Structure formats: C-alpha cells, structure tokens
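The following exercises ask the student to read a protein model step by step. Please keep the structure in view while working through each solution.

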Amino acid sequence: MLEKWLKESSYTVVFTGAGMSTESGLPDFRSAKSGLWRTKNLQQLASTYALQHNREEFIAFYQYRIRALLECQPHIGHTILANWQTRGIIHQIVTQNVDGFHQQAGSTNVIELHGTLRTVRCLRCKQTYDAKRYVEEQFECTCGGFLRPSVVLFGESLPYDAIEQAWKAAERADLWIVLGSSLQVSPANELPVIAKRNGAKLVIVNMEPTPFDDWADLIVHGRKIGEVLQEIDEFL
Ligand code: NAD
Ligand code: APR
C-alpha cells in the first residue's frame, strides 16, 4: 500500500528520528533496552543546565557521542531515501537527528530540527569548527570562548528557520512518513499532526508504539526501517 501512496503523492515528507540511525550503530534515546536516556540523565548531560553547571560531564557526554558518530556510517536506508529524493519519489526530509547521515548518503536540503553534531560553535563569537575538535580535546575558540556542540539542548528553542520550513512542509505534504521516532518530544512531534490535519496521509514506521499511532493511516511496528525501505524500494 505504501508504495502505491508514494507513487501517487505529489509532496511526500519523510520525518526521521534516532531510530533511523540505530542500524548505523548509533544508540537511540528511548528504546526499551538500549535507549541513551534509559541509563543517562538527559538533564545532567544534554541541557543548558549541564552546559553551564556540569561542564565536565557535558564535555564527556558529547565527546562520547561525537566519537561514536565519527566511527559510524549511513546505512542502506539512508541511501534509499537519497535515491528516492533524486528520483522525485520523496520531496523533503525533516530530521530530529544530529548525525548528518542523510546528507552523507546524498540527501539534499535536509531540515535539521535539533541542529548538528558535525560542528561545534563558540559561545562567545559563534565561530563554528568541525566537531572533531572535541575528540582532539580542543574546547576553546581562537577568541578564547568555550566551544559547544551545534545541537539543540534540552531547554533551548529549536532553530527558528528549521521550524518555519518544517511547518511549511507539514502544511504542504500529502504524505508524511515517520521513520524511527517515539514522537515524545515537542515541538517536533506536532509536525505529523499538522500534516494530518492538512489532509496528508500519515504513515508511522517505528519498532515500538508511539502516542500518535491512532492518527496514522498506516502503522508498521516491530520491523527494522532498513528492511522496510528495501522491500518498498523493490516496487518503485
Ligand atoms: P521541549 O519539549 O521543552 O520543547 C522544545 C523547545 O522548543 C523548548 O525549549 C521550546 O522553547 C521550543 N518550542 C516549543 N514549541 C515551539 C514552537 N512551536 N516553535 C518554536 N519553538 C518551540 O524540549 P526540551 O526538553 O526543552 O528540549 C529542547 C530540544 O532539544 C528538544 O527538541 C530535544 O529533542 C532537543 N535535544 C537535543 C539533544 C541532542 O543531543 N540533539 C539532546 C537533548 C535534547
Ligand atoms: N527500526 C524501526 N524503529 C526503530 C529502530 C529501527 N531500526 N531503532 C529504533 N527504533 C525506534 C525505537 O523503538 C524508538 O521508539 O525508534 C524510536 C526512537 O525514539 P527516540 O529514541 O525517542 O528518538 P527520537 O524520537 O528521535 O527522540 C527525539 O529527543 O533526546 C531528544 O534530541 C533528541 O532528537 C531526539 C529527540
């Protein structure tokens, strides 16, 4: 059924979460067994509080995440999505992920709602650098300011232009496909509802149930995204 909708739709948006990257080797946040927030305190590590008052643990947490990122690659699912965009089958990717794997696989104009872990930026002068600096133990800008990852921390608002573009995509979409998100974090989780309210078909492909399953026209639980995308790709 999904392959039929993909062929018929005029503006398909693919909305991805951390579950899109677990098959690349990056843990997600809320999976029952392996989610990062199951064992780590997100407010102590990935928040504006941590940046100001818990800097040592903050640095160690993001060194761990950046190191993991640099050791992993996009998987076949990212490549299929990039190919579908080139062929005009999908039209926009909106991601909560900060790993840059969609772009590495060839997707373009990716909307990154939560920023990116590929760069770090100076708290003082806003100069950005490759995130490799964290792994090389370099935390200071040439101006002397502290370098923080270019991700949205808990307690921060999302980048206005990203939210604005994503909202517009949700108003325009006639097919909205969620891949690998628990849909538990706002305002990102409002987007599938906006799309649905604007007449889009909503598809949720997620290993576990989400709070928005009742809104979906099609739900795929218990299946790996990479396998699902490969199966659909054979019919396109
Ligand atoms: P939250 O649920 O409190 O709300 C997200 C943030 O977006 C809030 O700070 C709020 O000011 C802003 N916001 C809410 N509705 C908005 C709207 N309609 N338009 C524009 N901005 C709006 O989330 P949080 O717990 O404060 O976390 C903030 C964000 O940081 C979350 O999206 C979370 O996913 C993200 N985050 C990223 C990482 C990472 O490593 N990438 C880690 C932790 C959190
Ligand atoms: N195939 C299908 N689903 C998967 C796979 C997979 N291979 N791997 C994991 N999942 C599912 C999990 O069952 C889980 O429900 O993906 C979902 C990932 O949900 P979260 O870990 O909550 O990640 P996400 O929804 O992206 O979190 C939103 O919260 O901490 C912040 O900034 C962080 O962007 C993140 C935001």
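**Exercise 1.** Determine where Ser 182 is placed, whether Ser 182 counts as buried or exposed, and which residues Ser 182 touches.

*Solution.* Step 1: Ser 182 lies in the loop between β7 (175-179) and α10 (191-197). Helices (H or I, at least four residues) and strands (E, at least two) are DSSP runs, numbered from the N terminus. Step 2: Ser 182 counts as buried, because its relative accessibility is 19%. The classes are buried (under 20% relative accessible area), exposed (over 50%) and partly exposed (in between), with a 1.4 Å probe and protein chains only. Step 3: leaving aside residues up to four places away in sequence, Ser 182 touches Arg 30, Asn 206, Thr 210 and Pro 211. Contact means heavy atoms within 4.5 Å.

The model is predicted: local features need pLDDT of at least 70, side-chain atom pairs count only at pLDDT 80 or more, and totals for chains, interfaces and linings use all residues. Residues are numbered from 1 along each chain as its sequence is written, chains are lettered from A and ligands numbered from 1 in the order in which they are written, and side-chain values use heavy atoms, with hydrogens and water left out.

**Exercise 2.** Find the loop that holds Pro 187 and describe the peptide bond from Ser 186 to Pro 187.

*Solution.* Step 1: Pro 187 is in the loop between β7 and α10. Step 2: the peptide bond that leads from Ser 186 to Pro 187 is cis, with omega near -5°. Step 3: Pro 187 touches Leu 158, Ile 163 and Trp 167, residues up to four places away in sequence not being counted. Step 4: Thr 86 is 101 residues from Pro 187 along the chain, and the C-alpha atoms of the two are separated by 29 Å.

**Exercise 3.** State which residues come closest to ligand 2 and how much of the accessible area of ligand 2 the protein covers.

*Solution.* Step 1: ligand 2 is surrounded by 23 residues, and the closest are Ala 18, Phe 29, Arg 30, Ser 181 and Ser 182. A residue is near a molecule or strand if one of its heavy atoms lies within 4 Å of it. Step 2: an oxygen atom of ligand 2 is 2.8 Å from a backbone N or O atom of Ala 18. Step 3: a side-chain N or O atom of Thr 22 lies 2.8 Å from a nitrogen atom of ligand 2; for Glu 23, a side-chain N or O atom is likewise 2.8 Å from a nitrogen atom of ligand 2. Step 4: on its own, ligand 2 has 740 Å² of accessible area, of which the protein covers 95%. Accessible areas come from the Shrake-Rupley method with a 1.4 Å probe; for residues, only the protein chains shown count as cover.

**Exercise 4.** Repeat the analysis for ligand 1: which residues come nearest?

*Solution.* Step 1: among the 17 residues around ligand 1, those that come nearest are Arg 65, Val 152, Phe 154, Gly 155 and Ser 157. Step 2: a polar backbone atom of Gly 155 is 2.7 Å from an oxygen atom of ligand 1, and a backbone N or O atom of Leu 153 lies 3.3 Å from an oxygen atom of the ligand. Step 3: Ser 186 has a polar side-chain atom 2.7 Å from an oxygen atom of ligand 1. Step 4: the protein covers 72% of the 810 Å² of accessible area that ligand 1 has on its own.

**Exercise 5.** Describe the open sheet that contains β4.

*Solution.* Step 1: three strands form this sheet in the order β5-β4-β6, with antiparallel pairing. Step 2: β5 (128-130) and β6 (147-151) are the edge strands, each of which pairs on one side only. Two strands pair if DSSP finds at least two bridges between them. Step 3: β4 (residues 115-122) is joined to β5 over three bridges, and Thr 119 has Asp 130 as its bridge partner in β5.

**Exercise 6.** Decide whether Lys 126 is buried or exposed.

*Solution.* Step 1: Lys 126 occurs in the loop between β4 and β5. Step 2: Lys 126 counts as exposed because its relative accessibility is 53%. Step 3: although Lys 126 is not a glycine, its phi is positive, at about 70°.

How values were computed
Polar contact = N/O pair within 3.5 Å; in protein donor to acceptor, adjacent residues only side chain to side chain.
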